[in-house]
Amino acid sequence: MKSKIKWAALGGLVLSFASLLLHLFLARTSADLVQYTAITVFTEDLTPTLASKKGPGFRKLWGNVKSLEPLHPYPNPRSTYPVAAEQNNGFIYAKIAGSFENIRNSIVDLVAISRLLNATLVIPEIQESARSKGISSKFKSFSYLYNEDQFIAALANDVTIVKSLPPILREARRRKEYQIFKPKSSASLRFYTSEVLPRLKKAKVIGLTLTDGGCLQSTLPPSMAEYQRLRCRVSFHALQFRPEIEALGKLMVERLRVSGQPYLAYHPGLKRDALAYHGCAEIFQDVHTELIQYRRAQMIKQGIISEELSVDSHARKKNGSCPLMPEEVGLLLRAMGYPPRTRIYLAGSETFGGQRVMIPLRAMYTNLVDRTSLSSKQELANLVGPETPLTPDPDQLLPVKSTNQLKEEWDKAGPRPRPLPPPPDRPIYQHEKEGWYGWIAEKDMEPEPSPNDQREQAHRLLWDALDYIVSVDAEVFFPGFDNDGSGPDFASLVMGHRLYEMASARTFRPNRKYLAELFNSTVDHLYYPPRNWTVAVREHLNKSLAEEGLLQESNLSKMKFFLSNPIPECSCSTVKATDIVHSGKNNNLHLLFEGQEECLKWMQQLRTQETNAGEVDSQEDETDLDGQSESEGYNGTDAIPSLEQDEEMDPDD
């Protein structure tokens with residue numbers, strides 16, 4: 001009996017050992033299928049090869065929007081437009097503060113104001129990159145970001161621009177003898193003609209301090225269309241980054257497109273100020289919520305916000321006021337059909353919440369990269385230039401004792417044996433003391449920016465400039481958030497530049513309120529939604545790429561931020577609006593082209609050649625990826641699909 005038990009135990013042990021070996025073998029072979037190497041920037045691409053990129057499936061994800069191809073950039077003057085006169089009413093000197101997008105919009109408005117007042121513009125001073133912020137002595141504030149010579153030369157026919165005030169006026173500035181105005185971004189033309197112009201003529205110099213992201217109202221009367229075109233010439237032609245930034249930005253684009261692959265640029269829009277302004281604190285947790293609420297309290301105190309401190313963030317998100325979270329963006333891209341190895345560039349120098357909020361998106365798309373992935377530390381350091389090392393705070397330095405001091409303390413410690421000494425106080429490390437969250441645990445008020453913080457603010461301008469170049473050049477751009485008319489923001493600036501430069505490029509303009517309702521309708525199974533939910537997502541996002549999304553964005557944003565939608569003032573069309581009406585196409589397309597002027601003949605000839613070359617492609621594109629119309633099962637309106645309509649789960653959809 002005992003021998004039988006021994007043999008049974010031995011047999012069980014052998015089977016267990018064999019099972020273990022089998023599991024190890026299966027785990028190793030399956031790991032080879034799913035793991036990827038981190039040695040290179042990108043994982044092995046599963047996207048279509050170069051030979052198959054002409055297929056309809058590829059064009060539906062990366063190709064241009066056919067209905068917007070007739071639009072072309074055309075910012076040149078179209079009426080009598082005299083060249084700027086050397087003899088004018090005086091000089092305008094300005095100081096600009098704010099984020100990357102606020103600075104850019106303020107410079108654009110400054111040029112328009114100088115033209116309006118017939119004044120000479122002095123190269124403005126950017127406060128975030130002033131010498132006092134600790135930037136390299138190699139740069140002045142404006143040249144830290146932009147090419148001064150290009151800026152002056154490109155606008156020579158519009159405005160006289162100089163690098164500094166004449167010596168006499170510089171002395172007057174030091175003595176504060178001329179008046180300084182602090183206009184808002186909504187300042188009217190009447191404000192400048194009735195209040196600013198008389199003082200400019202009298203003193204020959206005035207100062208402007210811009211902290212509101214601009215100094216001139218966005219919408220101007222039709223008679224001022226030339227000033228809108230001037231804005232386009234400034235933003236899209238004159239404001240070129242300094243050569244080092246341009247070179248690294250283009251190099252990053254080349255690295256993204258290595259082996260001929262396209263890429264998608266994504267800007268989360270998760271910035272502390274925007275989240276505080278719109279009341280989105282509760283979509284985060286713990287210290288992040290505290291930081292947003294503290295900033296919101298500051299904005300209320302400053303008069304920027306006139307609402308209550310505590311609001312229902314979930315209700316704000318349902319209303320479309322809060323950004324799409326990275327996880328939601330990943331689900332939307334997956335519903336659109338972008339494969340898991342799609343190259344996605346993460347733009348934005350600040351992503352509130354850090355890498356933790358990006359984990360779900362990285363799980364869905366492994367080729368998610370940013371500037372640190374596409375450029376070396378040395379390349380980024382070369383942009384910054386030689387900077388003076390900052391003196392560290394004394395209380396952040398750990399006391400260092402010599403060997404002799406340690407030996408002397410040990411000898412004086414008393415007779416042996418002795419009890420162990422108490423553990424030393426835990427040192428305060430630098431990342432805890434100077435981190436963006438560190439002060440929460442120590443004090444009730446946010447401390448003043450340290451020299452290191454001020455230097456990092458200047459560096460963020462450089463990182464945003466790199467992200468701007470990469471985002472404008474991307475085959476596809478997806479904004480996680482834009483201000484919808486609340487003022488300048490990075491995503492709106494990129495969307496406007498892409499619309500101006502190449503209107504047909506794939507730029508998503510999602511309606512966050514509608515998408516919030518969509519997500520709510522399938523909240524219990526986001527990762528395995530019904531097929532009709534996927535069809536609804538595709539329908540909405542495809543419409544956002546074309547004229548419907550463009551008109552909606554124009555109605556929301558253009559009233560407060562012209563550069564987000566610079567058409568029809570800064571564009572022309574190779575197709576007449578009357579031809580669109582007679583062709584029987586939709587009314588939205590007619591509204592979009594209604595105010596467009598006809599392009600020059602050479603532009604029309606180029607358009608004809610492109611149309612003839614793409615006739616075969618357009619015929620192929622009529623067929624959906626899976627052999628059916630995208631609008632099948634969807635009525636064309638933004639109605640939320642009922643989950644009872646189709647319970648089929650299709651994780652690969």
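Strand β13 (residues 571–573) and strand β1 run antiparallel and are joined by three bridges. The model is a predicted one, in which local features need pLDDT of at least 70 and side-chain atom pairs count only at pLDDT 80 or more, while totals for chains, interfaces and linings use all residues. Residues are numbered from 1 along each chain as its sequence is written, and side-chain values use heavy atoms, with hydrogens and water left out. Strands (E, at least two residues) and helices (H or I, at least four) are DSSP runs numbered from the N terminus, and two strands pair if DSSP finds at least two bridges between them.

Three bridges connect β8 in the parallel sense to strand β9 (residues 344–346), where Ile344 is the bridge partner of Leu264. Strand β11 (residues 476–479) also runs parallel to β8, through four bridges, and Phe478 in β11 stands opposite Tyr266. In a regular strand the side chains alternate between the two faces of the sheet.

The next feature is a pair of helices. Two packed helices are described by the angle between their axes and the distance between the axes. Helix α20 (residues 512–521) packs against helix α21 (residues 531–545) at an angle of about 170°, and their axes are 11 Å apart. The axes are lines fitted to C-alpha atoms over the stretch in contact, and angles run from 0 to 180 degrees between N-to-C directions. Angles over 145 degrees count as roughly antiparallel, under 35 as roughly parallel, 65 to 115 as roughly perpendicular and the rest as oblique; α20 and α21 are therefore roughly antiparallel to each other. In contact (heavy atoms within 4.5 Å) are Tyr514, Leu515, Leu518, Phe519 and Ser521 of α20 with Trp533, Ala536, Val537 and His540 of α21. These contact residues divide into seven nonpolar, two polar and no charged, where Ala, Val, Leu, Ile, Met, Phe, Trp, Tyr, Cys and Pro count as nonpolar, Asp, Glu, Lys and Arg as charged, and the others, Gly among them, as polar.

Finally, there are the salt bridges, each a side-chain nitrogen of Lys or Arg within 4 Å of a carboxyl oxygen of Asp or Glu. By this rule the count is 18. One of them joins Arg78 to Glu597, with the closest N and O atoms 3.5 Å apart. This pair links distant parts of the chain, 519 residues apart: Arg78 is in the loop between β1 and β2 (91–96), and Glu597 is in strand β14. Arg78 is partly exposed at 22% relative accessibility, and Glu597 is partly exposed at 39%.

Another salt bridge joins Glu244 and Arg242 (3.5 Å, N to O); Glu244 is partly exposed at 34%, whereas Arg242 is buried at 3%. Salt bridges that share partners also join Glu148, Asp149 and Lys163 into one network.

Key
Buried means under 20% relative accessible area, exposed over 50%, partly exposed in between (1.4 Å probe, protein chains only).
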